[in-house]
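Please look over the sequence and the model before reading on.

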Amino acid sequence: GEVVSPVATLCVVYEPQTHSQRFYAGHTAEVGCLAVHPDGEYVASGQAEVGGQGEAAPIFVWSSVSLDTTTVLPVAHEGGVAAVAFARRVGGASNLGREGGQRANRILCSVGHDAGHTLIVWDWMRGVRLAQARAHTAPIFALAACADESGLLSIVTGGARSIKFWSLVGSTLRSKKGELGQHAPATKSDGFGALRASPTFTALAFLQDGTGRLVSATARGELMLWEGNRLVHYVKASTLPIFAIVAWAGGVATGGKDGRVSLWPAEWPSMLEGQLAPIRVYELREMVRGFADAAGRPLALAGSDTPCVRALACAGEKLLVGTRTSEVFELAFEQGLDYPTLGMLAQGHAPSRDGGGLGGLIVARPSEEQMVTAGSDKTLRVWSAARTCMVGMRLLAAEACALAAAPAHASRH
């Protein structure tokens, strides 16, 4: 299949087999978030604020096959769109009646960067707003939605010191806060007692086991299992933030700042006292050692002692892993969980803390169809247009904002 990712004002549709790219160019400002419909064709992409003055930003729904715009949802989120999520069907399409399935297919949820971090539920096929509510005063970092066999919608928002569980009753959104404290012993400072101080929630995913249960991740490296708004299990999975969760029928995968991709079982304990351990843990730093040029110089994760996983997606027996350093890896398990293979699908210049990325580009060797780029990530990279990939990389002592090449006939000293 193809891989969809945002790059500046574009959404890139990448075909791994041919290393070819197609572009959706409907946006007029940077794309801040996107989500893929469960059918695999339609994509919703949310735009960052327009003009930088807190203006409202649009959401585009488009086909990844034709690249045609299906719907432009009315401009609604002041300050930009923080997150979008299509409703997923609990346990797969076979558990849904015809009416419930049609309802789930039409639902898209979005959250804004406005002061109230407004949550909106859309019928994206008709371009109609079904309901909206102020979600929280603090930033929202994660959004998930699912529908049960009757089409009943469940929405969860997670952010700074807040997780809320939403239901749609008519045209009204009603919320319940996640119940942490009453299920957590207050005597343990290193375990459940730490939950007394509400964490920052960074990622959400509904389990694909037909139960409608939700797994959340936190900036403290915790994984939490929820039934409704009630906490039923807790795992201290890392000492660093977890930024990504993906769930499928066979299990759950997580990734974060520690540079690890962890696989978890599909069945989770339904009690706080239960034990849960990852099935496998893969260290990206160790696995990328094979990405090097003929001289042994690295061609991946330059300048990063610990790669930071920011996104995960499941595609059959493969996981797609996106990193903060603008790389997309394919982790394949055709030979089993003990013998995974890691492939590089895409890479580019990583953004700096102030948002910079690419600083300069020149065509260095037109006859060889080579280009050179440099950027704020302190790397200089050589690209092959013929091979459509990066062929060389060097670390720089400082950020680069421009490039120049000496004429081919210039003398060497």
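This is a predicted model: local features need pLDDT of at least 70, side-chain atom pairs count only at pLDDT 80 or more; totals for chains, interfaces and linings use all residues.

Which residue in β2 is the bridge partner of V7? The partner is L10. Residues are numbered from 1 along each chain as its sequence is written, and side-chain values use heavy atoms, with hydrogens and water left out.

V7 and L10 belong to a pairing of strands. Strands of a sheet pair through backbone hydrogen bonds, in either a parallel or an antiparallel sense. Here β1 and strand β2 (residues 10-15) run antiparallel and are joined by 5 bridges; two strands count as paired if DSSP finds at least two bridges between them. Both strands are part of an open sheet of 3 strands, with the order β1-β2-β3 and antiparallel pairing. Its edge strands, β1 (3-7) and β3 (20-24), each pair on one side only. From one strand to the next, the twist averages 30 degrees (axes are lines fitted to C-alpha atoms, for helices over the stretch in contact, and angles run from 0 to 180 degrees between N-to-C directions).

The chain as a whole has 2 helices and 32 strands. These elements are DSSP runs numbered from the N terminus, helices being H or I with at least four residues and strands E with at least two. Of the 413 residues in the chain, 48% are buried; buried means under 20% relative accessible area, exposed means over 50%, and partly exposed lies in between (1.4 Å probe, protein chains only). Contacts, meaning heavy atoms within 4.5 Å, also describe the fold: among those between residues at least 6 apart in sequence, 43% join residues at least 24 apart.

Strand β17 (residues 201-206) illustrates burial, since 6 of its 6 residues are buried. β17 pairs with strand β18 (residues 214-218) in the antiparallel sense over 5 bridges. In β18, V215 is the bridge partner of A205.

How many salt bridges does a search of the whole structure find? The search finds 10, a salt bridge being a side-chain nitrogen of Lys or Arg within 4 Å of a carboxyl oxygen of Asp or Glu. One of them joins D123 and R106, whose closest N and O atoms are 3.1 Å apart. This pair links distant parts of the chain, with D123 in strand β11 (residues 118-123) and R106 in helix α1 (residues 98-106), 17 residues apart. D123 counts as buried because its relative accessibility is 2%, while R106, at 28%, is partly exposed.

Another salt bridge is formed by R220 and E222, again with 3.1 Å between the closest N and O atoms. R220 is partly exposed at 25% relative accessibility, whereas E222 is buried at 1%.

L358, L361 and V363 make a nonpolar surface patch of about 290 Å². Patches are made of residues with over 30% relative accessible area and no salt bridge, like charges being joined within 9 Å and nonpolar side chains (Val, Leu, Ile, Met, Phe, Trp, Tyr) within 5 Å. L361 is found in strand β29 (residues 358-365).

Methods. Accessible areas come from the Shrake-Rupley method with a 1.4 Å probe; for residues, only the protein chains shown count as cover.
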